Amino acid sequence: MYKTLEKKIKEKKAVVGIIGMGYVGLPLAVELGREGFTIIGIDINPNKSKLINAGKSDIDDISDDDLKPLVKAGKLKVTTDFSVLKKADCVPICVPTPLSKTKDPDVSYILSAVEEVKKYLHPGQLVILESTTYPGTTEELILPMLEETGLKVGKDFFLSFSPERVDPGNPKYGTKNTPRVVGGVTPWCTQITKLFYEQTITKAVAVSSTKSAEMVKLLENTFRSVNIGLVNEVALMCDRLKIDVWEIIDAANTKPFGFMPFYPGPGLGGHCIPIDPHYLSWKLKSLNYYARFIELAGDINSHMPEYVVERIGRALNEREKSIKGSKILILGVAYKRDIRDVRESPALDVIKLLQNAGAEVQYTDPYVPSIRMDDSVMKSVKLTAEILKSSDCVVIITDHTSFDYNMVAQNAHLIMDTRNATKNVKKNREKIVKL
Ligand code: SAJ
């Protein structure tokens, strides 16, 4: 069975059934399709299949031109019908792993995907979980479900964990040139999974178990959230010390070893960094261990929107104005620069806090035409000299490279810059307040 699957993979004849056509599944589908594999994408959202089968992408990093040739050549087809898994040899699962309202891991998307995989599990199939989750998910949750079919892992089918490592909007690193970590339930599982990814990705690194692979990903993302939390706390310290935190970080970054720059900001956005570390702390709580760094970083990062609003209030106050009644323009609402994703974006928190304080808030973001606040929809306004001149305060939340910061500084009365986006603006510095 191993040899049969190995041959199919090496000859690119293996049929790949990718579950979840989002920012992880679709780029993987494109890379594998380009290598010659036949990809069947499965997504519960019927609009996804309509869109992709028409050669249209709704993912920042995949263009319509990436999709069209593959769809046309019949290399990529998306459906909502899981029964296609009967024909699939390799099944990467790329579904969301959000937090529930009570900040507990929500693995319901994984479980419903695995329920479907189980229905069509057959000898010779390779199942790979890519969604970020707590250590133990693959072996404690997924393996028993699949073995209820009577099929035996490592003998009849293969099961591995290989974390996705996508940095949305990163112009340099994509699916193809980002090494993959692979951990299988058995050595054969690891081996065949490594082979599978090496057909299209530069490097696959084997680790000793699925649990190790799950932990690698959580270390990567916890590393970021804790370091961002640290630098946000340094910003709070520098505010009290009347020191420019941005100057400090840039100067520390002249050290060629032993330092890696992170930057303060309005808070932690995205569907990974604010969320993944809590998968780890939740699992450790069940083992009677309290992951202090994760919780502390989460606390600092989640309070940054409030801090930004406090700084806006202070800056307006120095100009004998209050937040209440002020016209405030938010520059950028995506969770980070040059992308359109607003999930967990701190901009939404800042807007809500300002509105609750009585400000009249508008936003402009070339990537985000509209946002849904609790009970209303806000539309992006055009960034013009007039709107800048009529605003009491302009708040830079997302430092899109497409903004003309000199024009903003020229026409605004007051700028709260939470990203040091105006670092190259020479004139009108007196109008700029930095985090
Ligand atoms: N942020 C800061 N200061 C920093 C860096 C980031 O405030 O110094 C903020 C960003 O503005 C953003 C949030 O943190 O709101 C997350 O930023 P991010 O750069 O970690 O970007 P993500 O969440 O889109 O992607 C990350 C990946 N990013 C990088 O490696 C640079 C990576 O950690 C994961 O592969 C990915 O999440 C994932 O899917 O887990």
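Student: How many salt bridges does the structure hold?

Tutor: The structure holds 29 salt bridges, where a salt bridge means a side-chain nitrogen of Lys or Arg within 4 Å of a carboxyl oxygen of Asp or Glu. This is a predicted model, in which local features need pLDDT of at least 70 and side-chain atom pairs count only at pLDDT 80 or more, while totals for chains, interfaces and linings use all residues. Residues are numbered from 1 along each chain as its sequence is written, and side-chain values use heavy atoms, with hydrogens and water left out.

Student: Which residue does Lys119 meet in a salt bridge?

Tutor: The side chain of Lys119 meets that of Glu116, at 3.1 Å from N to O. Both residues lie in helix α5 (residues 108–120), three residues apart, which is about one turn of the helix; helices here are DSSP runs of H or I with at least four residues, strands are runs of E with at least two, and both are numbered from the N terminus.

Student: Switching topic, how is the chain divided into domains?

Tutor: Domain 1 covers 2–207 and domain 2 covers 229–234 + 264–434, with bounds that come from an automatic or database domain assignment. Their centres, taken over C-alpha atoms, are separated by 35 Å.

Student: And how many residues are in contact between them?

Tutor: On the domain 1 side 21 residues are in contact with 15 residues of domain 2, contact meaning heavy atoms within 4.5 Å. The two domains bury about 1,500 Å² between them, 58% of it on carbon and sulfur atoms, where buried area is the accessible area (1.4 Å probe) that two parts lose on being put together, summed over both. Of the area that domain 1 buries against domain 2, Asp60, Leu99 and Tyr134 supply 30%, more than any other three residues.

Student: What is the count of salt bridges between domain 1 and domain 2?

Tutor: The count there is three. Asp60 also forms a salt bridge with Arg340, and the closest N and O atoms of that pair are 2.9 Å apart.

Student: OK, sheets now. What is the strand order in the five-strand one?

Tutor: That open sheet runs β10-β9-β13-β14-β15, with parallel pairing, and two strands count as paired if DSSP finds at least two bridges between them. β10 (360–364) and β15 (432–434) stand at the edges with a single partner strand each, so one side of each is left without a neighbour in the sheet. Neighbouring strands are turned by 20° against each other on average, direction ignored; axes are lines fitted to C-alpha atoms, for helices over the stretch in contact, and angles run from 0 to 180 degrees between N-to-C directions.

Student: Where does helix α12 lie?

Tutor: Helix α12 (residues 304–317) lies across β9, β13, β14 (415–417) and β15, and runs at about 150° to β13. Strand β13 (residues 393–396) is joined to β9 (residues 327–331) by four bridges, and Leu331 has Ile396 as its bridge partner in β13.

Student: What about the eight-strand sheet, is the pairing parallel or mixed?

Tutor: The pairing is mixed, in an open sheet ordered β3-β2-β1-β4-β5-β6-β7-β8. Its edge strands are β3 (76–79) and β8 (204–206), each pairing on one side only, and the twist averages 25° from one strand to the next.
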